[in-house]
Amino acid sequence: MNRRRVSAAERRLEAYEVAYLAGGPQRVLEAALFALRDRGAVTIVGPRVRAVEEDDRLAEHPVERAVLASCPRGRSLKIVANAVRGGPDVAAIKRELVALGLVARSRHRLTPAGRRQLATARKAATLPTYLFDGPAAHPDRRLRRLVAGTSLPSGLGRTLIRMGRATDPDNDYDYTHDPDFSDTHSSSEPGGFSCGSGGGGGGGGD
């Protein structure tokens, strides 16, 4: 209970919390895939992702462990993305950010404090650029194309949200799969989105 009363200004946000502020559940998923692949913990070939070894020591965060647990023998990237994006570990990040006053519970938008924290994290330049700008900021062109492809079509995203609200109005992450939030996100204006998948950013070569 005491931790819930600590303000965001009194502690440093970890990388996946920053990713959530920058692009919601989709950005958290993207960040985990990039981190694990860059670390050699997973292989991503075509539409499939596979854990190299069933070893939690290769993962540094619960979201990363969720990715590894979902594909020990290889699985469709889309299936893994849906499971992780809507899973309890991503939902826990959202609840913590709400408790810190960085994300508003209603409509899941960043608060002014959330926008300030995101701007501060970007300015510090200590985290990978893809946390802020999404797949386009990763230097591996083939990899970023595959990871960017995990977003659901906008129409399906809206349908899933309506279904979630109709069946459970108190659903803690009924917005999880909505890529339409990226339409209102601008990478040059931190926090100008509704906690969904972002875009933009620079890229690099293979």
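Ala-125 sits in the loop between α5 (112-124) and α6 (130-133), where helices are DSSP runs of H or I with at least four residues, numbered from the N terminus. The model is predicted: local features need pLDDT of at least 70, side-chain atom pairs count only at pLDDT 80 or more, and totals for chains, interfaces and linings use all residues. Residues are numbered from 1 along each chain as its sequence is written, and side-chain values use heavy atoms, with hydrogens and water left out.

Although Ala-125 is not a glycine, its phi is positive, at about 55°. Most residues other than glycine have a negative phi. Ala-125 counts as exposed because its relative accessibility is 62%; exposed means over 50% relative accessible area, buried under 20%, and partly exposed in between, with a 1.4 Å probe and protein chains only.

Lys-94, in helix α4 (residues 88-99), is buried, with a relative accessible area of 2%. The C-alpha atoms of Lys-94 and Ala-104 are 9.8 Å apart, at a sequence separation of 10 residues.

The largest nonpolar core holds 45 residues, of which Leu-21 and Val-28 touch the most other members. Helix α1 (residues 15-38) supplies the largest share of this core, 14 residues. Such a core is a set of buried Ala, Val, Leu, Ile, Met, Phe, Trp, Tyr and Cys residues joined through side-chain atoms within 4.5 Å.

One aromatic pair is found in the whole structure. Phe-34 and Tyr-130 form this tilted pair, 4.9 Å centre to centre with 50° between the planes. It joins helix α1 to helix α6 across 96 residues, and both Phe-34 and Tyr-130 are buried. Rings of Phe, Tyr and Trp (its six-membered ring) pair if their centres lie within 6.5 Å; planes under 30 degrees apart count as stacked, over 60 as edge-to-face and the rest as tilted.

In helix α3 (residues 77-85), the buried residues are Leu-77, Val-80, Ala-81, Val-84 and Arg-85. These residues lie on the same side of α3 because they cover an arc of only 115° around the axis, taken from the directions from the helix axis to the C-beta atoms.

| Residue | Helix |
|---|---|
| Lys-94 | α4 (residues 88-99) |
| Phe-34 | α1 |
| Tyr-130 | α6 |

Terms used:
Helix = DSSP H or I, 4+ residues; strand = E, 2+ residues; numbered from the N terminus.
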